[in-house]
Amino acid sequence: MFTGIVELIATVESLTLAPDGHTILKISNAGPVLGDCHIGDSIAVDGVCLTVTAFNATENGGWWTSGLAPETLRRSSLGELQAGSRVNLERAVAAASGRLGGHMVQGHIDGTVKIRSITPDGAAAWIRFDVPPAEESHGVDLLRYIVPKGFITLDGASLTVCEVDDRDRMFSVMLVPHTQENITMMTKGNGALVNVEVDLVGKYVEKILAGLVSPNSKDAGQENDSFSNYVAKVVRNVLKEEGVIPK
């Protein structure tokens with residue numbers, strides 16, 4: 001698990017295809033996050049949870065490698081990285097680390113969005129994003145999980161959603177100067193892909209409600225009766241308050 005508080009901006013040294021066909025990502029200038037590193041540890045790269053397969057904490061400013069699965073390449077922007085690309089890094093949360101900043105982040109990318117515009121607002125900056133429809137995003141409509149003042153993880157950074165326009169398929173965040181300086185977002189241009197992980201709680205709530213109303217769910221009859229009774233009670237209370245039916 002991560003918190004969405006980026007620890008370091010590092011550099012892609014290489015993205016190569018191994019003889020057996022899998023993709024290997026090598027990150028350099030990563031020394032500050034490798035001091036307590038072990039093989040098999042998790043480090044988020046632009047919000048994608050990756051497993052450390054090799055590392056050297058001092059050479060080339062500290063480097064480490066990880067294999068990228070085909071699903072990772074399909075769902076995220078990591079396949080577009082090149083030598084010299086800058087990426088956000090965060091180590092997995094340590095249980096004894098004390099306070100947890102940001103919010104609960106899995107490092108499991110739901111999809112990508114594109115930067116529509118970056119607009120200064122005093123020292124801060126508005127960043128607006130275009131959200132693709134479900135048919136262009138692995139069958140998932142990310143916009144349904146994005147709400148004003150809700151959490152969202154963009155390239156591994158925990159941010160607060162400002163605007164949401166469902167018709168225009170757009171949402172925005174605002175970056176204060178400190179955030180602008182400590183994540184890679186401001187170095188990207190319009191049209192650039194950004195990794196998105198929506199708030200996990202919303203996905204669980206949707207799954208639970210779907211189970212309650214789906215006729216194919218386990219113990220569907222009992223669950224549907226309970227849910228139907230609850231909805232009926234709410235409707236009756238509203239009708240009583242509006243004077244449609246007697247109290």
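**Notes on a first look at this model**

1. Let's start with R74: its relative accessibility is 53%, so R74 counts as exposed (the cut-offs are under 20% for buried, over 50% for exposed and partly exposed in between, with a 1.4 Å probe and protein chains only). This is a predicted model, in which local features need pLDDT of at least 70 and side-chain atom pairs count only at pLDDT 80 or more, while totals for chains, interfaces and linings use all residues. Residues are numbered from 1 along each chain as its sequence is written, and side-chain values use heavy atoms, with hydrogens and water left out.

2. Which residue does R74 pair with? The partner is E71, and their side chains meet in a salt bridge at 3.3 Å, N to O (a salt bridge is a side-chain nitrogen of Lys or Arg within 4 Å of a carboxyl oxygen of Asp or Glu). Both sit in helix α1, residues 70–75, and because they are 3 residues apart there, about one helical turn separates them. E71 is partly exposed, at 38% relative accessibility. Helices here are DSSP runs of H or I with at least four residues, strands are runs of E with at least two, and both are numbered from the N terminus.

3. How confident is the predictor? The protein chain has an average pLDDT of 90, and 91% of the residues score at least 70 (pLDDT is the predictor's confidence in each residue, from 0 to 100). Residues 219–223 are another matter: pLDDT there is below 50, and the stretch has 6 contacts in the model beyond near neighbours in sequence (contact means heavy atoms within 4.5 Å). Where pLDDT is low, the predicted coordinates should not be read in detail.

4. Now the overall picture. The protein chain has 4 helices and 13 strands, and its C-alpha trace spans about 80 × 50 × 40 Å along the principal axes. Of its 247 residues, 40% count as buried. Among contacts with a separation of 6 or more, 63% come from residues 24 or more positions apart. The chain exposes about 13400 Å², with carbon and sulfur atoms supplying 54% of that (areas come from the Shrake-Rupley method with a 1.4 Å probe; for residues, only the protein chains shown count as cover).

5. Back to charges: the whole structure holds 12 salt bridges. One of them joins K26 and E13, whose closest N and O atoms are 3.3 Å apart. K26 is in strand β2 (residues 23–28) and E13 in strand β1 (residues 8–17), so this pair ties together parts that are 13 residues apart in sequence. E13 itself is partly exposed, at 30% relative accessible area.

6. D110 and K203 make another salt bridge, with the closest N and O atoms 2.9 Å apart. D110 lies in the loop between β7 and β8 (111–121) and K203 in helix α3 (residues 200–213), so the link ties together parts 93 residues apart in sequence. Is D110 buried or exposed? D110 counts as buried, at 11% relative accessibility, whereas K203 is partly exposed at 22%. Elsewhere on the topic, salt bridges that share partners join E7, D36 and R91 into one network.

7. N88 deserves a visit. This residue is in strand β7 (residues 86–91) and counts as buried, with 2% relative accessibility.

8. T51 sits in strand β4 (residues 48–51) and is partly exposed, at 41% relative accessible area. Not counting residues up to four places away in sequence, T51 touches G40, D41, W64, T65 and S66. From T51 to W64 the separation is 13 residues in sequence and 9.7 Å in space, C-alpha to C-alpha.

9. Last, a surface feature. V231, V235, L239 and V244 form a nonpolar patch with about 300 Å² of accessible area together (patches are made of residues with over 30% relative accessible area and no salt bridge: like charges are joined within 9 Å, nonpolar side chains (Val, Leu, Ile, Met, Phe, Trp, Tyr) within 5 Å). V235 belongs to helix α4, residues 220–241, and is partly exposed at 43%.
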